[in-house]
Amino acid sequence: MTDFRFLILPDGRRLSYVEFGKSDGYPVMYFHGTPSSCLEPAMIGEEHFLKHNLRIISPSRPGMGQSDRHKNRTFIDWTKDTIALADHLAIDKFAILGYSGGAPYTLTCALKIPDRLLSAVIVSGAGQMNQPEVKNNLDLKHRVFWNVADKFPFLRPIILKKMRQYREMSDEDIMARFERNMPKADVDTFKKNNRLTLSKQGVEETFRDMNGVAMDVRLPIRPLGFELGMIRFPITFFHGKEDNTVPIQVVEWMVPRIPNARLIAYPNDGHVSTICEHFDEIAEALLKRLQELKATAAEH
């Protein structure tokens, strides 16, 4: 049974979060995709977090899962929720890991609260989903989704309801759909480690509040609120070249515009396989600052 935890934020909203890995491990704030929830890290696998001595703290963003909505919120508002959660857990410095739609929240934290960060990693994610580099390289299904989110917001709930129906499909029908629409690496990833069941549980948690989810979906097609060149904190991007959810072209456009950013690309991986099959390398990037601090302490 999932141990959901709750924090009442300064403005009275409830923030839902789940922890994975070691309770006394290296703290990592995990920012989930769009739409998704705090259960998302279960897809990666608890064994990976234990192996690398990680404490994964995974909050559901406002309106997602059991977290209360935050009307008219921006990416920058998320930094305040992140700090409130870290302070509640008595964590001074922490790493951040943004997956897919969690990327712009990671970028914003890297800009606004670098003094609280140990490292920043983005996997299968980008900044905004209305850039030409995205639109020109998306498949039809994803292009329709983001066009609706951008130009026809009143249709968002209809599309989201169809996504919610995924939980009622049989495993065979889901895999058949995946095989039609996903890169082979992603399909293979879903066939392992009970991920279909976990993904259904994630859908159940995510879509508790359809209007809250619709509010979250609108943000990736809104301006970030700052220029990428303003970010000085180092960020490591991991991305699969076969990703048809977030095209690698937009990441290749972004990375040169962010000082101290680097991209690690996998030629045969997709959106999901990158984070699930390459977590050892991702953990190494998250832990890099810790290793540097240890080396400095040893020298003295």
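The side chains of H271 and S100 are joined by a polar contact of 2.9 Å, in what is a predicted model. H271 sits in the loop between β8 (261–266) and α12 (273–277), and it counts as buried because its relative accessibility is 7%.

**Surroundings of H271**

- Apart from its neighbours within four places in sequence, H271 is in contact with Y99, S100, S124, D186, D243, T245 and V246.

**E19 and its arginine partners**

- E19 belongs to strand β2 (residues 14–21), and with a relative accessible area of 17% it is buried, because the limit for that class is under 20%.
- Two arginine side chains make polar contacts with the side chain of E19, that of R55 at 2.8 Å and that of R5 at 3.3 Å.
- When neighbours within four places in sequence are left aside, the residues in contact with E19 are R5, R55, I56, I57 and L89.

**Helix α10**

- Helix α10 (residues 210–218) is mostly covered, with 8 of its 9 residues buried.
- The buried residues of α10 are M210, G212, V213, A214, M215, D216, V217 and R218, a list that includes the charged residues D216 and R218.
- At the start of α10, the backbone nitrogen of N211 has a side-chain oxygen of D209 within 3.2 Å.

**Nonpolar core**

- The largest nonpolar core holds 94 residues, and of these L107 and F237 touch the most other members.
- Not counting residues up to four places away in sequence, L107 touches I122, G127, L224, F226, L228, I231, I235, F237, M254 and I258, so that F237 is itself among the residues that L107 touches, with contact taken as heavy atoms within 4.5 Å.

**Aromatic pairs**

- The count of aromatic pairs comes to 7.
- One of them is the edge-to-face pair of W78 and Y105, whose centres are 6.1 Å apart and whose planes make an angle of 80 degrees.
- This pair links distant parts of the chain, since W78 is in helix α2 (residues 75–88) and Y105 in helix α3 (residues 103–112), 27 residues apart.
- W78 and Y105 are both buried.
- F178 and F190 form a tilted aromatic pair, at 4.7 Å centre to centre and with 50 degrees between the planes.
- Because F178 lies in helix α7 (residues 171–181) and F190 in helix α8 (residues 184–190), the pair ties together parts that are 12 residues apart in sequence.
- F178 and F190 are both buried.
- W78 and Y105 also belong, together with F31 and F75, to one aromatic cluster.

**Cysteines**

- A search of the whole structure finds 0 disulfides.
- The cysteine sulfur closest to that of C38 is in C276, and at 17 Å the two are too far apart for a bond.
- C276 is likewise in no disulfide, its nearest cysteine sulfur being that of C38, 17 Å away.
- C38 counts as buried because its relative accessibility is 0%, and C276 counts as buried because its relative accessibility is 5%.

Key: Residues are numbered from 1 along each chain as its sequence is written. This is a predicted model: local features need pLDDT of at least 70, side-chain atom pairs count only at pLDDT 80 or more; totals for chains, interfaces and linings use all residues. Side-chain values use heavy atoms; hydrogens and water are left out. Helices (H or I, at least four residues) and strands (E, at least two) are DSSP runs, numbered from the N terminus. Buried means under 20% relative accessible area, exposed over 50%, partly exposed in between (1.4 Å probe, protein chains only). A polar contact is a pair of N or O atoms within 3.5 Å; within protein, one must be able to donate a hydrogen and the other to accept it, and residues adjacent in sequence count only if both atoms are side-chain atoms. A nonpolar core is a set of buried Ala, Val, Leu, Ile, Met, Phe, Trp, Tyr and Cys residues joined through side-chain atoms within 4.5 Å. Rings of Phe, Tyr and Trp (its six-membered ring) pair if their centres lie within 6.5 Å; planes under 30 degrees apart count as stacked, over 60 as edge-to-face and the rest as tilted. A disulfide is a pair of cysteine sulfur atoms within 2.5 Å.
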